[in-house]
Every structure is written in C-alpha cells, then in structure tokens.
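Student: I am new to this structure. Please show it to me, and then let us work through it.

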Amino acid sequence: GVDLRVARKADGSIPLLDRFRPDPADEVEVDEPAPPEEGAPADFSLPLRIDDLLAAEIRLHVTDEAVSPTLDTTVHLGVILSDLGSEDRTSAYSALLRIEDYLGALRVSGTLDQRDGGLRARTDLAVTDLGVRALAAYLEPLGIEPQVEELDLRLKAGLELLPDPQVAERGIARIEVTGLRARSDGVTGASLGRASVEIRGLGTDTTEIVGATVADAAASLLIDERGDPVIVGIALRPPPPRVGSDSAPADEPPTEPVPEPAVAQSPQVLRITSGSVTNVRLALRDETGAEPVEAEIVVESLKAANLTSEPGQPEGTLAARISSPGIVEAIELNGTASPFAQPLSADLTLSIRDATPGPTRAWLDRILIALPFEHGSLRTRLAAAVDLRKPGVLGANVGLTDLEFQADGDRYQVADRITVSGALTYVDHGIDLD
C-alpha cells in the first residue's frame, strides 16, 4: 500500500504541489512533435506500454481548510491494468475509488484493444452514494446547488477510433452509450436506453455524422420557484460573483482587446447523413407561478437525413412526431430543411392534432393568451429563411400557406397565405427591428 497526505491551506495554497513546482530557470525547451507525413494513415494507438500494473491500496489523506466546513477525509484507490499497448492481446483494466463520507464507490472496468492502428475501448461505470450535499462547498461556486443527499450513476460505453478504409489519413470515431441510469436519493431522475454515433473525417475540414441515434430516454425536469432548472436533484443556478475579481471598476470603460491578425482557414463543413431520435420523454413541472403546471413531452420519432453546412447543396429531409398526453395528441413536421448552411431555411408541413389547452391555462394566463376552445387542430405549410451572413443583422422571411384550423368541431379556412419578413439589427448592445 501507499500512504500520502495532501493539505490545502485557508489561503488556497497546497504546500505539497509547491514543493514540486519547477524553477523557471530550470525549464528546458521541448521541441514540438513533427506533424504526420502527408498521406500517412491515421494512427490512434496509444504511445505507451504497460504489461502489468497492480496498485492494491493507495490511501490519500486530504484536508482542505479553504472551504467551510473544513474537508477532512481519506481517499482509497485500487487499480489493476494488464497488457496496455500490446499489439496482440486485449488490455483489461479495473479501478475502485472510495472517499470516506463523500463517495461510497466509483467502479470502472473494461477492455482496450489497439491493434491495426486503431483503438477500441469498452467501459462499465458505476457510481454509488456520491454525497453531493456534503460537497456543496465545491459545487455551489460553480452554480450547482444540490437538492438531495446522494447520487448514483450507472452506464456502459464503447469507443472506437479507426483509420478510414477509404481514405487512410482520415479517421472514424464510433461512440455508444447504453444502460445509463441516474438516481438521486433512490429515485430515478434520468435514463437512456441507447445513444450512438459514427463520426467520419477526423483530422480533416469535413466532419460527417453517420447513423446518430438516441432511443428510449427519459428525464424529469423541475423549474423551481426561482425559475432555475432542477434535474436529478441538482439545481443549476447562475454562478455567484467572484470575490476579489480583477474586473475593471464600474466607472472605467472596459479595455478593448487588440484583434489578432486573421489566419486564412478552410471553412469547416458539417454533414449529417442520417440521424434519429425515438421514444424520448421529458416530465416537466413548473413551479414559477402560483399554481404548479405539469406536462409530459414525448418525442415519439425524429428523423433527419442529408443535412449539411456546405453552401449550394440541396436541403435535407426532416420528419418529426411529438406528443404531450392530455395536452396534444400529435405535432407532426415533414419536409426539407437546411439548418446549418447560410441562409438557414426550411419548407415543412405542420400538423397539430387535438390540442387541449386546459392543462396549460396557467402557463397561457401568464403570457396573457386566452384560447376560447376546448379541443383544436391546425394544419399549414411553413416556409422560412433566416440570413445571418451580414454581421450584426438578422434577416428573416416566414410564410404560412393553406392555414386551416378546427376548434370544437367547427372548421375554418384562416388564410391562403401569411408572410412576415424583416431584419433585426443588433449593434453595440442595441436592437433595431425593421
């Protein structure tokens, strides 16, 4: 076993680190590594080899007088690792971390395979009894306010980094997360069945996302009385102002930064060849008003294909179906869109079926909207274009055609066409609307 002791004093200094801090006079200039030769195949193997590593018990006694109350605990760590960097055997690893009074256990285990210039990793992660309330002194300055005592987290993940068989110098990344479950004080606050993505073009100016999927996910979101989100028992607050910050006095104008010379670069191109979302549920509770409002939002399906930021390319396709039990039977979008190239554009058919505003009247009353019906449906075609190419100016053109509305059994042809266009100018923190 190994025993160490680390202390942070009330002024924030850590004597142990100061002891190992290098003297600037002893610094040695290190040459930058040479870039890979043009046309060389991508290589993601680790530049490190460890045949066997066993650290059965490392104990680290930690005291921190810079927080209140003073932290005084012992960290226990055990690590097992074999065959890291081997070209003919799969590496295996496992680690166990415990922090007395703050973390029951963090267990991680998995495998690494780096044959053929690639890197393939599988990981199982489990965190139990993470005492977030006890760690509030570290979290609250970041705007993270624990509302519960403990958190648990489990997931499985996989990562592959491989040379592209079609273009050797490009890389491919495949990422997968399954079985994610986050619990606070024993109650599940978020879960994910499976999320995966393949990214091609690593190391080039074109990034292509192939087969991105998210399936069977659920989360509960609370908007508390202060208007801040709370998820898995954690409230996200605006970070408090830093004490003794180096900001300029209020009566002195801020110093304008000196712009650096522009460097000519090829524009980065993003392509989404295919992506889908199925069965994603969000349970929402809003406590900002006198009467709490609850709703469940369900993304039943969302499919996108051939979306790109490359100018001059055809629009991609987009299809979505969203529902909210007891509020709206279905919201459906189908058509084409170009959300990444300039100008941004979309040409979609929008259908809203059997909307029931009753459960959301408390929300609608806050924004002074009164809907004089119990059940309504709407169908229209939406065409929109947003132009952000001119600095400081947002240009928009939105058109609705064949707008039909049905309320409590009565059908209305509202308009053949409604068009709104204009420009929003935002310069020097001012806004002008034309």
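Tutor: Start with a term. On a 1 Å grid over the protein atoms alone, a cavity is a set of points where a 1.4 Å probe fits but cannot get out; lining residues have an atom within 4 Å of a point. This is a predicted model: local features need pLDDT of at least 70, side-chain atom pairs count only at pLDDT 80 or more, and totals for chains, interfaces and linings use all residues. Residues are numbered from 1 along each chain as its sequence is written, and side-chain values use heavy atoms, without hydrogens and water.

Student: Which element gives the largest share of the lining of the largest cavity?

Tutor: The lining includes N306, L307 and T308, along with A337 and S338. Two elements give two or more residues each, β17 (328-338) and β15 (293-308); strands are DSSP runs of E, at least two residues, numbered from the N terminus. The largest share, 3 residues, comes from β15.

Student: Is T401 buried or exposed?

Tutor: T401 sits in strand β20 (residues 393-407). Buried means under 20% relative accessible area, exposed over 50%, and partly exposed in between, with a 1.4 Å probe and protein chains only. T401 has a relative accessible area of 15%, so T401 is buried.

Student: How many Å apart in space are T70 and A137, C-alpha to C-alpha?

Tutor: In sequence, T70 and A137 are 67 residues apart. In space, their C-alpha to C-alpha distance is 9.5 Å.

Note on methods
Helix = DSSP H or I, 4+ residues; strand = E, 2+ residues; numbered from the N terminus. 1 Å grid on protein atoms, 1.4 Å probe; cavity = no way out; pocket = protein on both sides within 12 Å on 5 of 7 lines; lining within 4 Å.
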